[in-house]
Amino acid sequence: MKPFLKTTLMASLIGLSAPAFAGLAYVSNEKDNTLSVIDTETHEVVETIEVGKRPRGILLSKDYTRLYICASDDDTVQVLDLATRKIVDTLPSGEDPEQFALHPNNKHLYIANEDDAIVTVVDVTNKDVLAQIDVGIEPEGMAVSPNGKWAVNTSETTSMLHWINTETFKIEKNIVVGQRPRHVEFTNDSRIAWASAEIGGTVHIIDVDSLEQIHEMSFKVPGVNQDRVQPVGIELTSDGKYAFVALGPSNHVAVVDARTYEVLDYLLVGARVWQLDLDKDEKYLYTTNGVSGDVSVIDVEDLKVIKSIKVGRYPWGVVIDPSS
Amino acid sequence: MNATQYWHCFIGIQTREWLRFWQQRTRFASALVRPLLWLVVFAAGFRAVLGISIIPPYETYITYETYIAPGLCGMIILFNSMQGALSMVYDRELGSMRVLLMSPLPRPFLLVTKLLAMGVVSIGQVYVFLLLALLVDVEPPAWGYLAVLPALILTSLMLGALGLLIATWIKQLENFAGVMNFVIFPMFFMSSALYPLWRMNEASPWLYWVCQFNPFTHAVEAIRFSLYLEWNPMAFGITAGVTVVLALLATTGFRPQRTRILGTA
């Protein structure tokens, strides 16, 4: 066979064996007990997977082979195998798990247990509960810094960020923030953390080296009553340019200049926007809109909402698999 | 009659309309004030009202400004067409319309040419309006500005024919105020220009059906869909059908000497 033909044939075979979808987003539907799978190229739902009761927080394993799902009303964390898209395992999680975070070692899963005021640390390889750490009342948000040094939990009623040393599983510092802190997001270099306070309507920027707040920002969405402006999910672009903040029942996502902390724009999305995730190339940002039951797609370059995709009832979390 | 003569006549009528427009440049600007007030002032208060439902041709949630922009394009054409009708009554009273209709060319040709000439000015205003609407973030896709042109021409023909038909009924210039109350306002408010029809249906089903039977609704939807690069055959079909019927009625019914006959009667 001529080399040219051979190469062409090989290329087409490789093309055929490549996955059918360019990228997949997984969305947890809190009231439908399902996950919606969205093709990020066509922005269409391609599959719906049955999972445990009241799925909320979801995250990918560091090798992108498994998806962890907080099945809140089943009091467990389910493990979905991404190749077969079947639930293959469950992990002990403590009661009513809502949010969790995976350590970069791909083993330690930090789970916030809202009713018990604790954070449970589970080793996902052998299902051992490594620690149960007492935190403030109604722990909610959970994040682990990319360098693996810190785990941060937010407690809704105590309005604090609890900084947990991941080696000792001990709290080293509590930082008081606005009312009902919901979510923490670290920059890639683990030097800055962004924390949202839902009722306070604020986002707090924390310097990780000194564990001090360096800035506090609030939002004013034109034409929307101030008490509906409730920051929840946060997503940062890796180039340090933008921070996107989901503003809950105001139905808008704030676009923030991540260097000057200035709000650049408010983008209209569906009702009660909750969590956010960027795709691999950071071309699109997906938002879950709980009340309207859809996912809005934001074009990051143009900063425009290009589409809203109907999913199940009360979509809560969204992750986009960068390997797909 | 050969094509050159038709062309001469066509150009003549177009030029006259442009001259009239040029002499009334301030009218061009002031006609934009009305839709801009709607867009900037009225819509501001309702900005977040529509963010609860996605309706075609939009693929996501839109602001109220974005929703009403196509309706306001329709409004510009509607007001201009009625103003055009007024000018025809005026022309008729002063006799210049009779001069035009004395031309040996067929009357339907003359009248349709006149309608097209009026439409060109309206469409110019619509484009200026759409450019200004960019300032309040009404941003249709770039090709939408071109794709909307057939819908705008069709709308201006339909409303122009309606204006012409009304002009045949109006006996005197003074009666024009009635047109305002009985044609422009009901046509505009009982359409999808300001509210989506599902909303109307929730409020009152009979009003919904009135809106459905209002040809202006379909003209607005034809503008809306083509501005967002979607094809809406029903809206186009109904607008085109109504245009043909109105144009037939208007061109066959137009009597330039009506005023005189009625005046002497």
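**Briefing: chains A and B**

Helix α11 of chain B is mostly covered, with 13 of its 13 residues buried; a residue is buried if 20 or more other C-beta atoms lie within 10 Å of its own, exposed if 12 or fewer, and partly exposed in between, with C-beta atoms placed from the backbone. The model is predicted: local features need pLDDT of at least 70, side-chain atom pairs count only at pLDDT 80 or more, and totals for chains, interfaces and linings use all residues. Residues are numbered from 1 along each chain as its sequence is written, while chains are lettered from A and ligands numbered from 1 in the order in which they are written. Helices (H or I, at least four residues) and strands (E, at least two) are DSSP runs, numbered from the N terminus.

- Helix α11 of chain B covers residues 215-227, which is 13 residues. From first C-alpha to last, helix α11 of chain B reaches 18 Å, close to the 18 Å expected at 1.5 Å a residue; the expected span is 1.5 Å times one less than the number of residues.
- The peptide bond joining B:Pro56 and B:Pro57 is cis, with omega about 5°. B:Pro57 is found in the loop between α2 (25-45) and α3 of chain B.

**Contact between the chains**

- Chain A gives 13 residues to the contact and chain B gives nine residues. Two residues are in contact if their C-beta atoms, placed from the backbone, lie within 7 Å.
- On the side of chain A that touches chain B, the largest share is four residues, from strand β27 (residues 304-310) of chain A.
- By class, this side of chain A has seven nonpolar, five polar and one charged residues. Ala, Val, Leu, Ile, Met, Phe, Trp, Tyr, Cys and Pro count as nonpolar, Asp, Glu, Lys and Arg as charged, and the others, Gly among them, as polar.

**Nonpolar core**

- The largest nonpolar core has 158 residues, of which A:Phe100, A:Tyr110, A:Val245 and A:Val253 touch the most other members. Such a core is a set of buried Ala, Val, Leu, Ile, Met, Phe, Trp, Tyr and Cys residues joined through C-beta atoms within 7 Å.
- Helix α3 (residues 64-94) of chain B supplies the largest share of this core, 14 residues.
- Not counting residues up to four places away in sequence, A:Tyr110 touches A:Phe100, A:Ala101, A:Val119, A:Val121, A:Met142, A:Val144 and A:Ala151.

**Two open sheets in chain A**

- One open sheet has four strands in the order β12-β13-β14-β15 (chain A), with antiparallel pairing. Two strands pair if DSSP finds at least two bridges between them.
- Its edge strands, each pairing on one side only, are β12 (139-144) and β15 (170-176) of chain A. The twist from one strand to the next averages 20°.
- Strand β14 (residues 160-165) of chain A pairs with β15(A) over six bridges in the antiparallel sense. A:Asn165 has A:Lys170 in β15(A) as its bridge partner.
- Another open sheet of four strands runs in the order β20-β21-β22-β23 (chain A), and its pairing is antiparallel. Here β20 (234-236) and β23 (262-268) of chain A are the edge strands.
- Strand β22 (residues 252-257) of chain A and β23(A) pair over six bridges in the antiparallel sense. A:Val253 stands opposite A:Leu267 in β23(A).

**A:His252**

- A:His252 is found in strand β22 of chain A. A:His252 counts as buried because 28 C-beta neighbours lie inside 10 Å.
- Leaving aside neighbours within four places in sequence, the contacts of A:His252 include A:Val221, A:Val224, A:Leu247 and A:Tyr266.
- A:Asn289 is 37 residues from A:His252 in sequence and 9.9 Å away in space, C-alpha to C-alpha.

- Strand β4 (residues 55-60) of chain A is largely enclosed by the rest of the structure, because six of its six residues are buried.
- Four bridges join β4(A) to strand β5 (residues 66-71) of chain A, and the two run antiparallel. A:Pro55 has A:Ala71 in β5(A) as its bridge partner.
- β4(A) and β5(A) form a hairpin with five residues between them, and A:Tyr64 in the turn has a positive phi of about 60°. A:Tyr64 is partly exposed, with 13 other C-beta atoms within 10 Å.
- A:Arg85 is not a glycine but has a positive phi of about 55°. A:Arg85 lies in the loop between β6 (76-81) and β7 (86-92) of chain A, and counts as partly exposed with 14 C-beta neighbours inside 10 Å.

How values were computed:
Axes are lines fitted to C-alpha atoms, for helices over the stretch in contact, and angles run from 0 to 180 degrees between N-to-C directions.
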